[in-house]
Amino acid sequence: MDVEGYAKGVLAGSRAQVARSITLVESTRPDHRRLAQRLLLDLLPHAGRARRIGISGVPGVGKSTFVDALGTMLTGLGHRVAVLAVDPSSTRTGGSILGDKTRMARLAVDEHAFVRPSPSAGTLGGVARATRETMVVMEAAGYDVVLVETVGVGQSETAVAGMVDSFLFLTLARTGDQLQGIKKGVLELADVVAVNKADGPHEREARAAARELRGALRMLRPADAVWSPPVLTCSALEETGLDEVWQMLEGHRGALEAAGLLAEKRRDQQVEWTWSMVHDELLGRLHGHPAVRGLAPTLERQVRDGTLTPTLAAERLLDAFNEPVNEPNDRDDREGQAGSSTA
C-alpha cells in the first residue's frame with residue numbers, strides 16, 4: 001500500500017484518494033492501523049484550519065434535511081463541506097444515519113461536498129476514533145467546514161462535542177412543556193440552539209419554544225462565560241433562518257478566538273483523545289486476553305445468579321488479566337523433545 005501516494009492524492013484533493021484514505025483510517029486491522037498512523041502524520045501539518053461543527057437534535061427534528069440545506073448554502077458561499085457521522089447504532093444494525101445519501105440529495109452530488117456514512121467500528125469509542133482521524137483527512141484535502149452529525153443517543157453527543165469547535169443542538173416546538181424530552185446535559189453542551197420546522201402553523205409555537213429555551217440556558221451557563229448560547233428559529237424545509245444559524249456559529253468561533261480559547265480547547269481535546277485511545281486499547285487487550293476469555297462466562301453467570309458481586313467479578317477479571325500469558329520457553333521445548341526421544 002502506497003501511503004505516500006495516498007497522502008499526495010489527499011493533498012491534491014482527489015476524491016478517490018480521500019475515500020481510500022478514510023477507508024484505511026477506519027480499518028481496525030493492526031497492519032492497516034500502522035499504515036493509517038503513518039498517513040495521518042503526513043497529513044497533520046496540513047489539517048486544523050477547518051471550522052468543526054457538531055450537530056445533534058431530538059428525534060424527528062429533521063437533522064438530515066437541515067444538514068443538506070445548511071451544507072448547500074455553505075458550498076454556495078464558496079466553502080468546501082465535509083459531512084461525517086457518529087452513529088454507534090450502525091455497528092449493531094448494519095445501517096447508518098447517513099447510509100441512505102438520498103436524505104442529503106443535493107450534498108451527495110455537490111462537487112464541493114463530501115458525505116461519509118458512520119464507520120462500523122464496533123463501539124462508540126471506535127466510531128469516535130475513526131471520525132476524528134477522518135476529520136484530519138478531510139481538512140488536509142481542503143474541506144474548510146466539517147459537520148459532524150450524531151444520532152443523539154447515549155454518550156454520542158459528548159463524544160462529538162469533544163472533537164468540534166462549536167456544538168449546534170436542533171429541537172422542535174412542543175406543545176405544553178417545551179423542555180420535555182431534552183436532556184439537561186445536551187443543553188449544557190450546546191453553543192447554539194435552533195428550533196427547526198419554524199414554518200407555516202408551527203412558526204408561532206417555535207418562537208414560544210425559543211423563548212422558553214433561552215430562559216433555561218441562562219440558568220445553565222455561568223455569568224462570566226465568554227459566550228451565551230443563542231436560541232434561534234429556522235426552517236430547513238423552507239431554508240429560512242439558516243444564515244442566522246451560521247452567523248451565530250461563526251460568532252461563537254470568533255468569541256473563542258478572541259479570548260484565546262479556541263487553540264486551548266483543541267489542545268485539550270487532543271489530550272482527552274489520547275487518554276480515550278489508551279482506555280479503548282486497554283479494554284481491547286482485556287477482552288482479548290486468553291485467561292479473561294476463559295473466566296468471563298463463569299463470572300458473568302455468577303453475577304446474573306446473584307452469587308457474586310460485580311465488584312468481585314471485576315477484581316477477578318483484572319487479576320486474570322495481570323497474570324502473564326504462559327508461553328513455552330526453550331527449556332520446556334527441549335525437555336519435551338527429550339521426553340519424546342526417550343519414549
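Reader: Which residues have the most contacts inside the largest nonpolar core?

Author: This is a predicted model, and what follows is computed from its atoms. The largest nonpolar core has 78 residues, and helix H7, residues 124–140, gives the most to this core, with seven residues. The core also draws at least three residues from each of domain 1 (1–46) and domain 2 (48–259). Within this core, the residues with the most contacts are Phe66, Leu147 and Leu168.

Reader: What is the secondary structure of the chain, and how many helices and strands does it come to?

Author: The chain has 343 residues, of which 45% are buried. Among the contacts with a separation of 6 or more, 76% are accounted for by residues 24 or more positions apart. As for its secondary structure, the chain comes to 15 helices and seven strands.

Reader: Which residues is Leu168 in contact with, leaving aside its neighbours within four places in sequence?

Author: Leu168 belongs to the three residues named above for their contacts inside the core, together with Phe66 and Leu147. Once the neighbours within four places in sequence are left aside, Leu168 is in contact with Gly54, Ile55, Ser56, Phe66, Val192, Val193, Ala194, Val245 and Leu249.

Reader: At what angle do helix H4 and H11 pack, and how are they placed relative to each other?

Author: Helix H4 covers residues 63–76, and its axis lies 10 Å from that of H11, with a packing angle of about 75°. In this pair, Phe66, Ala69, Leu70, Met73 and Leu74 of H4 meet Leu242, Asp243, Val245 and Trp246 of H11. Angles from 65 to 115 degrees count as roughly perpendicular, and H4 and H11 are therefore roughly perpendicular to each other.

Reader: Are H2 and H7 roughly parallel or roughly antiparallel to each other?

Author: The axes of helix H2, residues 15–26, and H7 come within 9 Å and cross at roughly 155°. The contact is made by Val18, Ser21, Ile22, Val25 and Glu26 on the H2 side and by Arg129, Ala130, Glu133, Thr134, Val137 and Met138 on the H7 side. H2 passes H7 in a right-handed crossing. Angles over 145 degrees count as roughly antiparallel, so H2 and H7 are roughly antiparallel.

Reader: Is the crossing of H3 and H7 left-handed or right-handed?

Author: Helix H3, residues 30–43, has an axis that comes within 10 Å of the H7 axis and crosses it at roughly 40°, which makes H3 oblique to H7. The contact joins Arg33, Gln37, Leu40 and Leu43 of H3 to Arg129, Glu133, Val136, Val137 and Ala140 of H7. As to its handedness, the crossing in which H3 passes H7 is left-handed.

Reader: Is Arg266 buried or exposed, and what is its relative accessible area?

Author: Arg266 is found in helix H12, which covers residues 261–288. Leaving aside neighbours within four places in sequence, Arg266 is in contact with Gly48, Arg49, Ala50, Arg52, Asp165 and Arg253. A residue counts as buried under 20% relative accessible area, so Arg266 is buried, at 13%.

Reader: How far apart in space are Leu84 and Arg132, C-alpha to C-alpha?

Author: Leu84 lies in strand S2, residues 81–86, and counts as buried at 2% relative accessibility. Leu84 and Arg132 are 48 residues apart in sequence, and from C-alpha to C-alpha they are 9.7 Å apart.

Reader: What is the phi of Lys197, and what is the phi of Glu239?

Author: Most residues other than glycine have a negative phi. Lys197 lies in the loop between strand S6 (192–195) and helix H10 (203–220), and is partly exposed at 37%. Glu239 lies in the loop between strand S7 (231–233) and helix H11 (242–258), and is partly exposed at 41%. Phi is positive in both, at about 60° for Lys197 and near 55° for Glu239.

Methods: Residues are numbered from 1 along each chain as its sequence is written. This is a predicted model: local features need pLDDT of at least 70, side-chain atom pairs count only at pLDDT 80 or more; totals for chains, interfaces and linings use all residues. Side-chain values use heavy atoms; hydrogens and water are left out. A nonpolar core is a set of buried Ala, Val, Leu, Ile, Met, Phe, Trp, Tyr and Cys residues joined through side-chain atoms within 4.5 Å. Buried means under 20% relative accessible area, exposed over 50%, partly exposed in between (1.4 Å probe, protein chains only). Helices (H or I, at least four residues) and strands (E, at least two) are DSSP runs, numbered from the N terminus. Domain bounds come from an automatic or database domain assignment. Contact means heavy atoms within 4.5 Å. Axes are lines fitted to C-alpha atoms, for helices over the stretch in contact, and angles run from 0 to 180 degrees between N-to-C directions. Angles under 35 degrees count as roughly parallel, over 145 as roughly antiparallel, 65 to 115 as roughly perpendicular and the rest as oblique. A crossing is left-handed if the near helix is turned anticlockwise from the far one by less than a right angle, and right-handed if clockwise.
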